[in-house]
Amino acid sequence: MTTTLRNVWESLTSSLWFVPSIMTFLALCLAFASIALDDALNGTIGWAYGGGPEGARDLLAAIAASMITVAGVSFRS
């Protein structure tokens, strides 16, 4: 039985989609936990991010642009 489980585990961890799917699941859990924490604290942690919607949009655009740049550089090499 343990050999079968070990073979299944080895097959899962060596597949292409195992780690990204686990990371996506954990990111979704973290997103829901962050939203719940924000609702529970009622906006008392204003020091974390003080910008409005335009600032959040600019921050997200900067993060996306940097990720595209890193992906472009790493795939070009």
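Helix α2 spans residues 18-41, and its 24 residues reach 35 Å from the first C-alpha to the last, close to the 34 Å expected at 1.5 Å a residue. That expected span is 1.5 Å times one less than the number of residues. Helices here are DSSP runs of H or I with at least four residues, strands are runs of E with at least two, and both are numbered from the N terminus. Just after α2, N42 takes a positive phi of about 55°.

The model is predicted: local features need pLDDT of at least 70, side-chain atom pairs count only at pLDDT 80 or more, and totals for chains, interfaces and linings use all residues. Residues are numbered from 1 along each chain as its sequence is written, and side-chain values use heavy atoms, with hydrogens and water left out.

The protein chain has three helices and zero strands, in the order α-α-α along the sequence. Its radius of gyration is 19 Å, whereas a compact globule of 77 residues would have one near 11 Å. This radius is taken over C-alpha atoms, and the globule rule is 2.2 Å times the number of residues to the power 0.38. Along the principal axes, the C-alpha atoms fill a box of roughly 55 × 40 × 15 Å.

The accessible surface is about 6900 Å², and 72% of it belongs to carbon and sulfur atoms. Areas come from the Shrake-Rupley method with a 1.4 Å probe; for residues, only the protein chains shown count as cover. Of the 77 residues, 1% count as buried. Buried means under 20% relative accessible area, exposed means over 50%, and partly exposed lies in between.

| Residue | Relative accessible area | Class |
|---|---|---|
| F18 | 18% | buried |
| S21 | 39% | partly exposed |
| I63 | 41% | partly exposed |

The structure holds one aromatic pair. W9 and F18 form this pair edge-to-face, 5.6 Å centre to centre with 85° between the planes. Rings of Phe, Tyr and Trp (its six-membered ring) pair if their centres lie within 6.5 Å; planes under 30 degrees apart count as stacked, over 60 as edge-to-face and the rest as tilted.

S21 lies in helix α2. S21 and S11 are 10 residues apart in sequence and 15 Å apart in space, C-alpha to C-alpha.

I63 belongs to helix α3, residues 53-76.

How values were computed
Buried < 20%, exposed > 50% of the residue type's maximum accessible area, 1.4 Å probe, protein only.
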